[in-house]
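Subject: Handing over the structure

Hello,

Here is the structure I promised to pass on to you. Please have a look at it first, and then read on for what turned up.

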Amino acid sequence: VYVNGCFWHMHEGCSKHSMPKSNVEFWQAKLLRNHNRDIAQRAELEAAGWRVITVWECELTKAVRDERLVRLYDRVEQGAKQGTLVAVGTSTTITLLIVIFGHHLMGIFTNTTELVTLSANMMKILAVGYIAMAITQSLSGVMRGAGDTMTPMWISMVVTVVIRVPLAYGLAFLTRTPELPNGRYQVLWISMLVSWCMGALLTLIFYKKGNWKKKALTGSSSEK
């Protein structure tokens, strides 16, 4: 990545580049040397397999930078929307296959009837949760990529520690019977489903709030 001054590297068409009116021969020779050296170095790097990016001084002004950031985040959000739709579509297809062919799918892994029934029932309960997980993974990936790693981490901790574990214990307590003194085992799957859906909802809310954009611009508090 080259960061070039518009005057010193002869940025064509830029108002910051103009040939001095005094000592013209000196400046013309000096600036042309810079310009030709830039061309030669770029060609050498590209021939070696490098991708060369030139950032010009005029492109770093606040107005230009802000305008480009707006365009960049529009592209990021459009990509996130398309990626999430693909993920949801894929997970919805998988969910339908699990619901319709659950027993047959589980039968691929074992011939034990009890295990096939148990695992098929588990997958049917969790099936919708895969759609929620697709949303969570897609949008949290965008936030992490922008530098906001804390928000997805806290969401994961909240849905696991605050929601899933207490919910599992609570449902197990409420479903106790003389035959099942520890409660029904299905409550473990239900608590997972609820936590996955809550995770997707929280991720969507924080993604829509857009604080991850500010994180990308300002960095952490220590960097400030």
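To start with a question: is E67 buried, exposed or partly exposed? With a relative accessible area of 38%, E67 is partly exposed, because that value falls between the limits of 20% for buried and 50% for exposed. Please keep in mind throughout that this is a predicted model.

**Salt bridges**

E67 has a partner in R71: their side chains form a salt bridge, with 2.3 Å from N to O. Both residues belong to helix 2, where they sit four residues apart, about one turn of the helix. R71 is partly exposed as well, at 44% relative accessibility.

The structure has two salt bridges. Besides the pair above, the side chains of E46 and R42 meet in one, at 3.2 Å from N to O. These residues lie in helix 1, four residues apart, which is about one turn of the helix. E46 has a relative accessible area of 40% and is partly exposed; R42, at 31%, counts as partly exposed too.

**The largest pocket**

R71 turns up again here, as one of the residues that line the largest pocket. The volume of this pocket is about 330 Å³. Two or more lining residues come from each of strand 2 (54–56) and helix 2, and helix 2 gives the most, with six. Sorted by class, the lining holds five nonpolar residues, five charged ones and one polar one. Among them are I53, T54, E59 and R75.

**A nonpolar patch on the surface**

You will also find a nonpolar surface patch made of L96, L97, V99, I100, F101, L105, I108 and F109. Together these residues have about 810 Å² of accessible area. F109 is in the loop between helix 2 (62–106) and helix 3 (113–145), and F109 counts as exposed because its relative accessibility is 68%.

Most residues other than glycine have a negative phi. Two residues to look at with this in mind are M10 and N23, in the loop between strand 1 and helix 1. How do they stand in terms of cover, buried or exposed? M10 counts as buried, at 17% relative accessibility, whereas N23 counts as exposed, at 52%.

Enjoy exploring it!

Best wishes

Key. Residues numbered from 1 in each chain as written. Predicted model: local features only at pLDDT ≥ 70, side-chain atom pairs only at ≥ 80, totals over all residues. Heavy atoms only, no water. Patch = residues over 30% accessible without salt bridge, like charges linked within 9 Å, V, L, I, M, F, W, Y side chains within 5 Å. Areas by Shrake-Rupley, 256 points an atom, 1.4 Å probe, with all protein chains shown as cover. Salt bridge = Lys/Arg side-chain N within 4 Å of Asp/Glu carboxyl O. Buried < 20%, exposed > 50% of the residue type's maximum accessible area, 1.4 Å probe, protein only. 1 Å grid on protein atoms, 1.4 Å probe; cavity = no way out; pocket = protein on both sides within 12 Å on 5 of 7 lines; lining within 4 Å. Points joined across faces, edges and corners; volume = space filled by probe spheres on them. Nonpolar A, V, L, I, M, F, W, Y, C, P; charged D, E, K, R; others polar.
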